[in-house]
Number of protein chains: 2
Amino acid sequence: MKVAVLAGGLGGSRFARALAETIDPEQLTIVGNVGDDVEIFGLHVSPDLDTILYTLTGRLDEERGWGRKDETWNALGEAGRLAADTWFQLGDRDIGLHLVRTEKLRDGEPLSRVTRDLAAAFGLVPALLPATDDRLRTWLETPAGDFPFQEWFVGRQHRDEVDAVRFEGAEDARPAPGVLEALAGADLIAIAPSNPFVSIGPILAVAGIREALEHRSAPAVAVSPLIAGKAVRGPADRMLARLAGGTGPKQVTDCYKGLIDALVVDKADADEEAGIRTIVTRTLMNDADTRRRLADAVLETAAALR
Amino acid sequence: MKVAVLAGGLGGSRFARALAETIDPEQLTIVGNVGDDVEIFGLHVSPDLDTILYTLTGRLDEERGWGRKDETWNALGEAGRLAADTWFQLGDRDIGLHLVRTEKLRDGEPLSRVTRDLAAAFGLVPALLPATDDRLRTWLETPAGDFPFQEWFVGRQHRDEVDAVRFEGAEDARPAPGVLEALAGADLIAIAPSNPFVSIGPILAVAGIREALEHRSAPAVAVSPLIAGKAVRGPADRMLARLAGGTGPKQVTDCYKGLIDALVVDKADADEEAGIRTIVTRTLMNDADTRRRLADAVLETAAALR
């Protein structure tokens, strides 16, 4: 059973972990969002790839939901004493990874190869691929102006309503090596319970990836990021309400029109019309059992669809 | 009493501190060596400027003789787990400073302005100036090959004998803003008990600085880095023996021919011929009293020479 999963954000990393714990992890390929990559003090930070890497190798600070556990904060603390702008927090261990990544990128290595080597050094078993090696950046258009993703999400704590999302560089972005092969060879394409606009959207903004999903031979199953119309974390519900006209399964399905065959929704949303084949389970992942249950539901859905 | 001091290495930072504790620190200008600057993981590290900055603001790890006290080592530890090459140790707080410096340099700010701002943020009272804003790098020619300074000093633990020292970029290097003014306006020009070849040599390799010393109007006094023919720390004695033919005061004087008016030597070297006006005192600085005694000896020498 080969699975390719599109993932971004904390929900994406947790679902990727759920799959890695349920199937043979060597058969799993995780395609990660890079639209929220950001340069901080000249360091190339890939928050979504790192959250996946840290989550699946037991290094994530689970309570905070980002960054490393047992982290220290001395480098940025010092930088903050020396220069004003430390709006984006980076721990010391995290910086160690960014230093290595940044140097390799500056030496001309593509992000996919750098990510592969970092993942290997951390003992990650599933393949972790950036959606693209090309520069792709998510921008939010809001009443207060246009902001790059992290400036809106972290710097402004996503307080501005979003009128539109755009992906700088998307028109020229090619799928990273291995992405199309993973999608073509998969027995199941899964879309994690991530924010459809800013976590999965940037992946699907890569035309080659979107086309691969449109012309898929394997079933594609998405997991709704909403429970009773609310996002577990982050602004997905507010964005769905404003950009898709509601916070039900139907609006999630609309985000993936033509790209999925089924939607997994939480029990709390069982009575809502999804406009597509729907599977109901509990979708909140807060321990190994709940992760397993969700992964099983997705895998069974795919089996039924084949 | 205005003093300009040329300084590099740990001896240089300790002597700069001695002067700052003895005269009005606002009247002190420290011209620091940048020949041992190095890029580590893309970070611009200025070890001598930083040792001065840390020493004079109470941040140096005195026991280790470099880097910050109360330091943590998580960023480089992690980088070492991810990539092989962490031969040059950088602590987390230290990295915080390097991140800020590197970003400012990349934005086009000259090192002198960056250094001034870092010093101001740390509350350093004396002026700290890099010898030059231009790229100048110390290379060692040894029987094992030619090495940039840090590769020889740290990477190879200065085990190779040195046949020659050269300064890449010296021919085009101009004194940093303020350096010539400080030398011209000083009542005393002091040369710290630093390694003449690799700590003071790169400063004097800047033609404008060497000429300013040659045409000085104020007395210039050097402190010998040797005690009984031995360096307190580092390879100054081995280098003097091989490159200057001996480890006495005479060989130190020879390193500064035409540039100084007097040499301060340790009691242990009192009987050696220095070939220049000599002042004898105890030169080892291991507490406030010994620092003060050495600074006083240098200041009194200058007063006698005027």
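The model is predicted, so local features need pLDDT of at least 70, side-chain atom pairs count only at pLDDT 80 or more, and totals for chains, interfaces and linings use all residues. Residues are numbered from 1 along each chain as its sequence is written, chains are lettered from A and ligands numbered from 1 in the order in which they are written, and side-chain values use heavy atoms, leaving out hydrogens and water.

Me: What makes the relation of chain A to chain B that of a two-fold axis?
Reply: A rotation of 180° with 0.0 Å of shift along its axis superposes chain A on chain B, with RMSD 0.0 Å. That is why the relation is that of a two-fold axis. In chain A, the C-alpha of A:Asp92 is nearest the axis, at 3.1 Å.

Me: How do you know which residues are in contact between chain A and chain B?
Reply: Contact means heavy atoms within 4.5 Å. By that rule, 26 residues of chain A touch 26 residues of chain B.

Me: Why is the link between B:Arg68 and A:Glu78 called a salt bridge?
Reply: The rule asks for a side-chain nitrogen of Lys or Arg within 4 Å of a carboxyl oxygen of Asp or Glu. Here the N to O distance is 3.1 Å.

Technical notes. Copies are superposed by least squares on the C-alpha atoms of residues with pLDDT of at least 70 in both.
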